[in-house]
Amino acid sequence: MQKFLLVSTIIIFSSSASHAGNFGAGVHGGYGTLKYEESSSAFGTNVESKSSRKVVLIGVSGEYSFPKLKNFYAGITTDWASGLEGSETWRENNVQLQTNDMEVFGQFYDLRFGYKNSADNFNYRLYASGGWDGINFKRDKFIWRGASATGRSTEDFSLWRTGLGTGLGYKINKWALDARAAYSYYPKGTVENSSYSQFEFDTDGTCLDLGIGIAREITEKINFYMGVSYTLLKLNQSDVITQGSTRAVFPDSKMEILADMVNLRYAF
């Protein structure tokens, strides 16, 4: 049977409010829902999967402003995402084919270089980014056409990413309304699957990441943020790989994450 793969994405929040000092560090976390769909008709029939599960996110970030390059900065973020165990349903031409349990763990690393400035109560930032996403999936407790099947399948994703982003803020006294938007492109992605260890799948795709929330200045150096995030990620189907009588493909994939997020930032 053809193989279908899911990928997650990074969700990062950092308040756009300005603080004294050249270096800032933050810790953030979130909780929400992850939904995804996968589909392919590469083998003559339409096979698709759907799933929904809760997801927990935690991460750290750092940002350095260059003293001799006014308003320019560099930043790094690291996130870990754990998709709590949930069920996955597969259908072939709208007829249920298989169900199974699935666990997800992702690690995400992002480097940014950008420009930030302010005018009156408004502040903004623009940045270019690049990074790597590594995601692991574990599937077990298979029920194939009503019959239980033993075994476990694992999948490892390695995805290189590049993108652009922006952040906007409006500050009133110690409060601020913050919004952000980012677009990323995956020019190179590879997937290895334990069920098809002889194959390596190639893919590419895009990701749109949006967020909005409220920030509060606790002290001159400490800032707290809470808000919501929405992420939409799509990966493209790979070429069909054939070896002997075995054929496999990486499918079209659509994933959405809606999460409540909090961030605590300290400026040195």
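## Salt bridges

Across the whole structure, a search finds 13 salt bridges, a salt bridge being a side-chain nitrogen of Lys or Arg within 4 Å of a carboxyl oxygen of Asp or Glu. The model is predicted, so local features need pLDDT of at least 70 and side-chain atom pairs count only at pLDDT 80 or more, while totals for chains, interfaces and linings use all residues. Residues are numbered from 1 along each chain as its sequence is written, and side-chain values use heavy atoms, with hydrogens and water left out.

One of these bridges joins Glu63 and Lys116, with the closest N and O atoms 2.8 Å apart. Glu63 lies in strand S2 (residues 47-65) and Lys116 in strand S4, 53 residues apart; strands (E, at least two residues), like helices (H or I, at least four), are DSSP runs numbered from the N terminus. Glu63 counts as buried, at 11% relative accessibility, where buried means under 20% relative accessible area, exposed over 50% and partly exposed in between, with a 1.4 Å probe and protein chains only.

Lys141 and Asp101 meet through their side chains in another salt bridge, at 3.7 Å from N to O. Because Lys141 lies in strand S5 (residues 122-144) and Asp101 in strand S4, this pair ties together parts that are 40 residues apart in sequence. Lys141 is exposed at 55% relative accessibility, whereas Asp101 is buried at 19%.

Lys188 and Asp202 also form a salt bridge, their closest N and O atoms being 3.4 Å apart.

## Aromatic pairs

The whole structure holds 13 aromatic pairs, in which rings of Phe, Tyr and Trp (its six-membered ring) have centres within 6.5 Å, planes under 30 degrees apart counting as stacked, over 60 as edge-to-face and the rest as tilted. Phe72 and Phe113 are stacked, because their ring centres are 6.0 Å apart and their planes stand at 15°. Phe72 belongs to strand S3 (residues 72-92) and Phe113 to strand S4 (residues 95-119), so the pair ties together parts that are 41 residues apart in sequence. Both residues are partly exposed, Phe72 with a relative accessible area of 31% and Phe113 at 44%.

Phe72 also pairs edge-to-face with Tyr115, at 5.3 Å from centre to centre and 65° between the planes. Tyr115 is partly exposed, with a relative accessible area of 25%. Tyr64, Phe66, Phe72, Phe113, Tyr115 and Tyr124 form one aromatic cluster.

## A charge over a ring

The charged end of Arg125 sits over the ring of Tyr73, 4.7 Å from its centre; the criterion requires NZ of Lys or CZ of Arg within 6 Å of the ring centre and within 35 degrees of the ring normal.

## Surroundings of Asn100

Asn100, in strand S4, is buried with a relative accessible area of 2%. Its side chain is joined to that of Gln98 by a polar contact of 3.0 Å, that is, a pair of N or O atoms within 3.5 Å, of which, within protein, one must be able to donate a hydrogen and the other to accept it, and residues adjacent in sequence count only if both atoms are side-chain atoms. Leaving aside neighbours within four places in sequence, Asn100 is in contact (heavy atoms within 4.5 Å) with residues including Trp90, Arg139, Lys141 and Phe142.

## Nonpolar core

The largest nonpolar core has 26 residues, and Ile135 and Phe157 have the most contacts inside it; such a core is a set of buried Ala, Val, Leu, Ile, Met, Phe, Trp, Tyr and Cys residues joined through side-chain atoms within 4.5 Å. Strand S13 (residues 252-267) gives the most to this core, with 4 residues.
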